[in-house]
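Please look over the sequence and the model shown here before reading on. The paragraphs below go through its sheets, its core and some individual residues.

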Amino acid sequence: MPPRTRRACLLSTVVELLPKQPTTKGPAELFTGDVYFDVIIRGGEPSRVRVNTVRFCPGARTAWHTHALGQTLHVTDGVGLVQARGGEVIVIRPGDVVYTPPGEWHWHGATPDQFMIHTAIWEGPAAGAETEWGEHVNDAEYGYPSRSDWSCVAAQLARSLSASSDAVPGSAV
Ligand code: MN
C-alpha cells in the first residue's frame, strides 16, 4: 500500500488540511503602499471568525477604519505603528497584542523603514458591514519624516531597545 499523503492522513482524522489560498494584495482604496494578506480562516455560519496574516511593506498602512465587533492584532515580525483617532502613534513589535474596541477609528501599518507582519483576528457581525472604511492616512498624519510628535515614537523605540539590552545577562545597566 503506497504511503498516504499528508492531506489524506489528516482527512482520515478529526482535523483537515485546508487548501492554501493565494496571497492577495490590499486594494489601493483601502491601503497606502504595498500590503499583502493571506486568509487563514473565514468561518462559515454560525461561526463568523476571521483571521488574516497581513504583511505591510515599509511605509505601508491601512486607511482609517473601524471594526463592527472590534479587532485583535498580534504582531509577529518587524516594527509597526498603530494609532486610535485622537491618540498618539504607538510603536508595536513582535509579541505585542493590540485590541481595538468596536467602533473605534484607527489605523495600523509598518514604520517608514521596516516591514511589519501581524495576525488580524476579528468577527463578522450578524448583520451589516464588518469594517467601515474612511480616508487614507496621509503623509502628515503618518508623519514621516517630519511628524511633530515623532520624537515620541523615537523615544518608545529607544525604550524598547534599551529594555532589550537590559535583559542581556551581564549587562552593566
Ligand atoms: Mn483594524
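Helices (H or I, at least four residues) and strands (E, at least two) are DSSP runs, numbered from the N terminus. Two strands pair if DSSP finds at least two bridges between them. Residues are numbered from 1 along each chain as its sequence is written. This is a predicted model, in which local features need pLDDT of at least 70, side-chain atom pairs count only at pLDDT 80 or more, and totals for chains, interfaces and linings use all residues.

The protein chain contains 13 strands and 3 helices. An open sheet is formed by 6 strands in the order β1-β3-β4-β12-β7-β10, with antiparallel pairing. Its edge strands are β1 (24–25) and β10, each of which pairs on one side only. Strands of a sheet pair through backbone hydrogen bonds, either parallel or antiparallel.

Going through this sheet, strand β3 (residues 35–42) pairs with β4 in the antiparallel sense over 7 bridges. Within that pairing, Val-35 has Phe-56 in β4 as its bridge partner. The loop between β3 and β4 holds Pro-46, and the peptide bond that joins Glu-45 and Pro-46 is cis, with omega about 10 degrees. Most residues other than glycine have a negative phi, and most peptide bonds are trans.

Further along the sheet is β7. Its antiparallel pairing with strand β12 (residues 116–123) runs over 7 bridges, and His-74 has Thr-119 in β12 as its bridge partner. Strand β7 (residues 71–78) is also joined to strand β10 (residues 97–100), again antiparallel, by 4 bridges. There, Thr-72 stands opposite Tyr-99 in β10.

With strand β9 (residues 90–92), β8 pairs in the antiparallel sense over 3 bridges; Gly-80 has Ile-92 in β9 as its bridge partner. The hairpin of β8 and β9 has 5 residues between the strands, and in it Gly-86 takes a positive phi near 85 degrees. With strand β11 (residues 106–110), β8 pairs in the antiparallel sense over 5 bridges, and the bridge partner of Val-82 in β11 is His-108.

Because 4 of the 5 residues of β8 are buried, β8 is largely enclosed by the rest of the structure. Of the 173 residues of the protein chain, 20% count as buried.

A nonpolar core is a set of buried Ala, Val, Leu, Ile, Met, Phe, Trp, Tyr and Cys residues joined through C-beta atoms within 7 Å. The largest one has 12 residues: Phe-31, Val-35, Val-54, Phe-56, Ala-60, Leu-73, Val-75, Leu-81, Val-82, Ile-92, Ala-110 and Met-116. At least two residues of this core come from each of β4 (49–56), β7 and β8 (80–84).

Two residues are in contact if their C-beta atoms, placed from the backbone, lie within 7 Å. Not counting residues up to four places away in sequence, Val-35 touches Gly-26, Val-54, Arg-55, Phe-56 and Ala-60. Of the contacts in the protein chain with a separation of 6 or more, 69% are between residues 24 or more positions apart.

Two loop residues can be looked at in turn. Val-79 lies in the loop between β7 and β8. With 19 other C-beta atoms within 10 Å, Val-79 is partly exposed. Leaving aside neighbours within four places in sequence, Val-79 is in contact with Val-91, Arg-93, Thr-111, Gln-114 and Met-116. Glu-130 lies in the loop between β12 and β13 (131–133). Glu-130 counts as partly exposed because it has 16 C-beta neighbours inside 10 Å. The C-alpha atoms of Glu-130 and Thr-66 are 8.5 Å apart, although the two are 64 residues apart in sequence.

Finally, confidence. The pLDDT is the predictor's confidence in each residue, from 0 to 100. Its mean over the protein chain is 85, and 78% of the residues reach 70 or more. Over residues 145–149 the pLDDT is below 50, and this stretch has 1 contact in the model beyond near neighbours in sequence. Residues 165–173 also have a pLDDT below 50, with 3 contacts beyond near neighbours in sequence. Where pLDDT is low, the predicted coordinates should not be read in detail.
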